[in-house]
Amino acid sequence: MWVLTNMPRLKKRPPEGARVARRGAVTRYRAWVRHHRASAADSLLKILDHPVSSMLTWLVVGIAMALPVSLMLSLNNLRGLEGNVADEASLSLFLAESVDTAGARALAQTLSERDDVAGVRYHSRDRALEEFRQQSGFADIIDGLGSNPLPHLLLVTPRDREAVAASEALAAALSGLPAVAEVVVDSVWLRRLQGLLAVGQRIVLTLALLLSMGVVLILGNTIRLAIENRREEIRVVRLVGGSNAFVRRPFLYTGLWYGVGGGVAAAMLTGLGIWSLAGPVSALAAAYNAEWRLSGLGVVGSCQLVLAGGVLGLIGAWLAVSRHLRAIEPA
Amino acid sequence: MISFERVSKRYDNGHDALREVSFDVNRDELVFLTGHSGAGKSTLLRLIMLMEQPTRGRVVVNGNDLSRIGRRGVPAHRRGIGVVFQNHRLLFDRPVFDNVALPLTIAGYDDREVGRRVRAALDKVGLLDHERAMPVTLSGGEQQRVGIARAVVGRPPVLLADEPTGNLDPALSAEIMQLFADFARVGLTVLIASHDLSLISRLRHRIVTLREGRLVGTH
């Protein structure tokens with residue numbers, strides 16, 4: 001009989017259960033690392049074993065993440081546009097008629113030395129008339145005028161371009177000068193744009209929050225199904241002495257991989273959207289004679305997106321695991 | 001090694017599974033636990049495994065009073081006990097080797113040590129050349145031997161078996177029981193629940209009999 005032929009190999013020896021428990025911290029740390037590595041690899045392989053359903057999960061997560069991200073990108077691009085506009089949103093100082101060229105130049109010099117002024121451009125009344133003559137097509141009428149009706153113009157760029165309030169305060173200060181006839185601040189629509197951007201930002205934030213919760217729930221459900229599928233395995237592992245952490249680990253990695261894959265899908269989808277918009281947008285910018293390009297996520301942004309996906313996946317897995325694993329007691 | 005002191009277990013539905021049960025199993029000893037189904041054999045094993053707590057009394061295994069082991073201590077306690085189930089409870093999605101290696105993976109052995117010990121265990125149960133086979137391709141007796149290899153691979157001081165020959169023919173059953181006797185001879189404490197009286201009465205080991213939760217005989 002096979003048992004008897006194998007018997008000589010058996011020798012009397014002390015039981016080893018106690019010895020295993022007494023092993024050192026280094027050994028236990030190595031075992032911990034080993035199981036992490038094994039869990040990570042196993043759960044990745046299990047995911048790749050079902051490429052179609054895994055791909056679908058990644059896509060769902062990717063779409064849910066790409067939506068707020070691309071909205072946020074649009075907002076950022078608009079904000080860049082606002083920055084461009086703010087460049088031109090200088091104050092227009094129309095000087096009094098009594099101020100001559102030398103006086104205008106002197107005033108420009110004085111203003112440019114102010115702390116809250118970034119720059120001053122002097123636009124002489126003669127040049128303004130010349131431009132007007134060329135561009136308006138009223139050359140004959142203008143020539144018929146005895147004198148130049150246009151005032152000297154100073155274009156003042158405030159130091160703090162972003163803040164509408166600051167440029168309005170500057171405008172108020174400058175309108176008090178005796179040489180200044182009128183100050184025009186074209187800030188109303190700028191303020192509206194800023195308001196719209198703020199609202200948009202809040203919407204994106206809310207959407208991002210909602211969709212993140214959606215991703216967490218989706219992945220939590222996926223992990224719940226994975227747990228259901230491995231119910232018997234979990235029971236057996238518990239019976240032969242697997243700790244909760246041991247049982248939990250592969251599922252946490254599964255959640256991590258689904259989340260990371262979803263993040264990659266989101267980055268790719270966002271990149272695709274930027275790429276498809278780039279052509280029309282540059283054509284539009286060209287029509288406005290503007291040097292303006294769409295900015296995408298970039299490498300850092302994409303990495304952050306993948307990281308965020310991983311974190312969401314971990315959270316979802318953690319929720320599913322803490323809810324459902326406890327229910328599976330060895331029977 | 002295993003000691004029951006006036007242990008009672010009453011379930012929530014009022015059923016008394018065990019009443020005032022006291023007995024000891026010494027080291028190197030093989031004890032059969034017998035009785036009709038429902039007599040309390042499984043409950044007794046479940047108490048040793050800490051799958052349940054007794055209502056009254058004290059269970060001591062390997063020197064540890066089980067009532068002192070908290071929730072977090074349960075896995076370590078179970079790592080000191082090998083269990084063989086009637087329905088084997090193998091994992092059918094992985095080969096024999098991985099099934100047997102499971103307790104060692106849990107205990108955190110490195111790959112080389114795992115390979116060495118798994119092969120030693122498979123050698124003991126005569127399945128060394130089946131390590132890459134999937135469990136579903138094995139016969140019932142072979143599956144049970146894989147289950148036994150898994151139970152002893154971590155070299156636990158205590159080995160439990162719940163109806164290990166329940167689905168096997170008499171010749172195979174005798175082989176399996178002989179295997180358990182060999183483990184007892186090399187230092188394990190073995191407790192086997194079985195209702196196959198004709199088989200176990202031939203084996204000349206102590207038999208503990210339960211009837212309706214009471215210990216009615218030990219000889």
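Trainee: Which element of chain A has the lowest mean pLDDT?

Mentor: This is a predicted model, in which local features need pLDDT of at least 70 and side-chain atom pairs count only at pLDDT 80 or more, while totals for chains, interfaces and linings use all residues. Residues are numbered from 1 along each chain as its sequence is written, and chains are lettered from A and ligands numbered from 1 in the order in which they are written. For pLDDT, the predictor's confidence in each residue from 0 to 100, the highest element mean in chain A is 93, in helix α12 (residues 298-324), where helices (H or I, at least four residues) and strands (E, at least two) are DSSP runs numbered from the N terminus. The lowest mean, 40, belongs to helix α1 (residues 2-6) of chain A.

Trainee: Over which residues of chain A does pLDDT stay under 50?

Mentor: Chain A has a mean pLDDT of 82, with 88% of its residues at 70 or more. Where pLDDT is low, the predicted coordinates should not be read in detail. The stretch under 50 in chain A is residues 1-21.

Trainee: Which strands stand at the edges of the open sheet of 6 strands in chain B?

Mentor: The order in chain B is β6-β7-β8-β3-β9-β10, with mixed pairing, and two strands pair if DSSP finds at least two bridges between them. One side of each edge strand is left without a neighbour in the sheet, because each has a single partner strand: these are β6 (81-84) and β10 (214-218) of chain B.

Trainee: Which residue stands opposite Val83(B)?

Mentor: β6(B) runs parallel to β7 (residues 158-162) of chain B, joined by 4 bridges. In β7(B), the residue opposite Val83(B) is Leu160(B).

Notes. Contact = placed C-beta atoms within 7 Å.
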